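Here is a short briefing for a first look at this structure.

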Amino acid sequence: MEESNSQFEQRKRDHIKIALDPRSQTEGQNGLDSIELIHEALPNLDFKEVDISTSFFLKDPVTKDSISLSSPIFISSMTAGHEQGREINEALARLSDRRQILMGVGSQRRELEDSNAAEEWNRVRRQAPKALLLGNIGIAQLIKSPIDKVQRLIESTEAIALFVHVNPLQEALQPEGTRDFRHGIEALENLVKIAGVPIVVKEVGCGFSVETLKRLENIGIYAVDVAGKGGTHWGRVEGYRSQENDLLYKVAQTFANWGISTVQSVLNAKEARVSYEIWASGGVRNGLEVAKLCALGATKVGLAKPFLEAALKGDEALEELINKLETELKIALFCTGSKNLKDLQTKRVIR
């Protein structure tokens, strides 16, 4: 049965409410507590020289066609397609515009069938013309959608890249879920050839195995955001959308801790020796944790829940959050004797 617009909007409102519920968090399971950065008591640095800036290559690193970013921190995809989602995305986009950080937009699934839904991004662009947006489509929708419809998602947001979400557990536990994932690799390979922007494959809280990361090698994707276990768990979120006596609610309890941690997923990427970039998210809550993941090899690190909570309070709260995150990251570099992110990734800074 096709989902109506009102049902879609209610589902998205449920997602925000439940994602902020502590029961939906796999707190303490991201593996970051096991990572310790080695303190350098005599850094040969002036703190003001510490540089956390980085770049995003639009096409090919060889062409040096790139965008400068103030930091590796990015805003992970959250929500879209309903009134509260519009307000959240506008606030987040203004932050991306002001601070030149990447922002993944929320679900654009509704636009595939309703072109009027793209008006949300026109409003965003009027407020944040320089925002660095990444579009959003689920793998199940990519598999069955004509490529011209997918390209319209990129055009409507004026996106510099596209996230493709892979989320089998969420779709399996979602009452309205789309569960046909056949031919996903072929769909990604075809998209890479036609999209005209970098493609970033992203889990939604269950991480990646070595073998899955290897399967994504050589199809031309730009990056994988491992989005491991340790933060908002979308299996739990979908479970809590059902009533306690419903089958999917009970099944979701069984899978409440399913997935591969954020740290293990990054380590899996190192073991897989992939050539694409590795991005990390999943339970990241401060700049020190961003530094730990960069030290492990991640080139970009995403956060969702902290940005969502701040966006609900307004622009000032978002500024305070990004200032705190970037200051924490700079201090982590300074106290490991790392002048920049390259130093952090190449020096021996992990105990």
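Which residues in α1 meet which residues in α9? Arg-11, Asp-14, His-15, Ile-18 and Ala-19 are the ones in α1. Their partners in α9 are Trp-234, Val-237, Glu-238, Tyr-240 and Arg-241. By class, this contact holds five nonpolar, one polar and four charged residues. Keep in mind that the model is predicted.

**How α1 and α9 cross**
- Two packed helices are described by the angle between their axes and the distance between the axes.
- Helix α1 spans residues 5–19, and helix α9 spans residues 234–241.
- Their axes come within 10 Å.
- The crossing angle is roughly 115 degrees.
- The crossing of α1 and α9 is right-handed.

**Glu-90 in helix α2**
- Glu-90 sits in helix α2, which covers residues 83–99.
- Is Glu-90 buried or exposed? Its relative accessibility is 8%, so Glu-90 counts as buried, the cut-off being under 20%.
- The side chain of Glu-90 makes a polar contact of 3.2 Å with the side chain of Arg-123.
- Setting aside neighbours within four places in sequence, Glu-90 is in contact with Arg-123, Val-124 and Gln-127.

**Helix α5 and its cover**
- Helix α5 runs over residues 147–157.
- Its buried residues are Val-150, Leu-153, Ile-154, Ser-156 and Thr-157.
- Among the helices that cover these buried residues are α3 (119–127), α4 (139–144) and α7 (184–195).
- Strands β5 (132–138) and β6 (161–165) also belong to the cover of α5.
- Glu-158 follows α5 and has a positive phi, near 50 degrees.

**Helix α11 and its packing**
- Helix α11 takes up residues 262–272.
- Buried in α11 are Thr-262, Val-263, Ser-265, Val-266, Asn-268, Ala-269 and Ala-272.
- What do the buried residues of α11 pack against? They pack against α8 (210–215), β9 (277–280) and α12 (287–296).

**The annotated span**
- An unreviewed UniProt entry annotates residues 185–349 as "domain: FMN-dependent dehydrogenase".
- In the model, residues 185–349 are 53% helix and 9% strand.
- The end C-alpha atoms of this span lie 36 Å apart.

Technical notes. Residues numbered from 1 in each chain as written. Predicted model: local features only at pLDDT ≥ 70, side-chain atom pairs only at ≥ 80, totals over all residues. Heavy atoms only, no water. UniProt positions renumbered as here; feature names shortened; annotations may be inferred. Helix = DSSP H or I, 4+ residues; strand = E, 2+ residues; numbered from the N terminus. Axes fitted to C-alpha atoms, helices over the stretch in contact; angles between N-to-C directions. Left-handed = near helix turned anticlockwise from the far one by under 90°. Contact = heavy atoms within 4.5 Å. Nonpolar A, V, L, I, M, F, W, Y, C, P; charged D, E, K, R; others polar. Buried < 20%, exposed > 50% of the residue type's maximum accessible area, 1.4 Å probe, protein only. Polar contact = N/O pair within 3.5 Å; in protein donor to acceptor, adjacent residues only side chain to side chain.
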